[in-house]
Amino acid sequence: MSSDVRYCEKFSYVFLKISLIVYAMIFSLIGAFILGIGIYAEVERQRLKTLDGLFLAPSIILIVLGLMMFIVSFIGVLASLRDNLTLLKVFLYTLTFCLILELVGGIVALVFRNQTVDLLNKNIRKGIVNYYDDLDFKNIMDFVQRKFKCCGGKEYSDWGVNMYHNCTTTGPLACGVPYTCCIQTKPFEVANTLCGYKVLYRERLDLQDTIYIRGCTDAVFIWLMDNYKTMAALLFGILFPQLFGVVFSWLYITRVEDAIAEYGNYQDGLLEAGDNGGFRETKTQGRMAKCCRCMPEID
């Protein structure tokens with residue numbers, strides 16, 4: 001084998017190996033960090049005794065996401081360090097499956113946009129029912145209503161399903177909406193928590209200067225359409241690292257398999273019995289080492 005070919009083998013093997021190790025280690029650390037945050041958030045959620053519903057529970061989402069990232073990335077670290085083809089293929093197939101699943105999910109959500117919006121509205125209404133009992137959902141809903149200047153899911157009247165805001169009940173919140181639905185003319189003024197008092201009794205056009213009458217699902221989708229460049233960059237930032245891992249793990253597997261095809265199956269008969277009960281390197285193992293580590297041939 002010529003020195004030029006040997007150098008190319010050395011460069012490709014070392015470059016792919018180091019790249020894959022660094023990639024997998026970075027994402028395993030990110031996964032562990034996300035998992036830690038999720039566990040802490042779940043402990044706090046249980047301590048505060050909020051509802052057991054899992055939908056839109058940030059702690060559950062973080063735990064699942066962090067655990068998956070850590071396990072898959074840790075497999076990638078072990079596989080690239082040990083040149084284990086089985087683990088490398090598990091790592092590759094898992095990344096490929098996740099990437100395809102995300103792409104298919106996004107396409108389905110766009111194609112069936114009306115059904116996606118209906119599903120979101122349905123689950124938001126379920127969350128509104130327990131708005132004051134589920135602190136996770138309350139914080140998310142308050143943030144969305146402030147950020148996107150909206151109220152409720154499909155529309156502001158969704159708040160009528162909450163027992164405190166229902167028009168058939170009594171109390172200061174009856175037939176009203178949370179103060180995060182109210183229009184604030186002065187950003188730093190003290191919020192009037194009863195600014196949405198009895199608004200559900202009034203007509204939609206009469207509330208344009210009092211509360212945000214647009215539903216939050218429509219407001220969010222409009223914002224996404226208006227900021228398509230930001231969303232495209234965010235989507236690229238999510239998908240590109242996964243695509244990077246798929247491509248580099250596939251190239252690395254191909255590199256190792258080519259070496260096996262040329263120098264024999266390194267998994268069988270690598271060691272043979274030596275003197276004094278020890279072991280010594282066989283010819284097959286030595287050739288495999290020379291291929292992968294690009295050691296010079298020794299006659």
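**Exercise 1. Find how many cavities of 30 Å³ or more the structure holds, and describe the lining of the largest cavity.**

Solution. The structure holds one cavity of 30 Å³ or more, where a cavity is a set of points, on a 1 Å grid over the protein atoms alone, at which a 1.4 Å probe fits but cannot get out. This is a predicted model, in which local features need pLDDT of at least 70 and side-chain atom pairs count only at pLDDT 80 or more, while totals for chains, interfaces and linings use all residues. Residues are numbered from 1 along each chain as its sequence is written, and side-chain values use heavy atoms, with hydrogens and water left out.

Next, the largest cavity has a volume of about 30 Å³, a volume being the space filled by probe spheres set on the grid points, which are joined across faces, edges and corners. Its lining residues, which have an atom within 4 Å of a point, include His165, Pro172 and Tyr197.

**Exercise 2. State how much space lies in the largest pocket, and say which residues are closest to its centre.**

Solution. The space in the largest pocket is about 1400 Å³; a pocket is an open set with protein on both sides within 12 Å along at least five of seven lines. Of the 31 residues that line this pocket, Ala109, Val220, Phe221, Leu224 and Met231 are the closest to its centre. Among the elements that give two or more residues to the lining are α3 (85-111) and α7 (228-263).

**Exercise 3. Classify the aromatic pair of Tyr23 and Phe244, and then that of Tyr131 and Trp159.**

Solution. A search of the whole structure finds 11 aromatic pairs, for which rings of Phe, Tyr and Trp (its six-membered ring) must have centres within 6.5 Å, with planes under 30 degrees apart counted as stacked, over 60 as edge-to-face and the rest as tilted. The ring centres of Tyr23 and Phe244 are 5.5 Å apart and their planes stand at 40°, so this pair is tilted. Because Tyr23 lies in helix α1 (residues 3-47) and Phe244 in helix α7, the pair ties together parts 221 residues apart in sequence.

For Tyr131 and Trp159, the centres are 4.7 Å apart with 85° between the planes, and the pair is edge-to-face.

**Exercise 4. Decide whether Tyr131 and Trp159 are buried or exposed.**

Solution. Buried means under 20% relative accessible area, exposed over 50%, and partly exposed in between (1.4 Å probe, protein chains only). Tyr131 has 2% relative accessibility and therefore counts as buried, and Trp159, at 0%, counts as buried.

Definitions and conventions. Helices (H or I, at least four residues) and strands (E, at least two) are DSSP runs, numbered from the N terminus.
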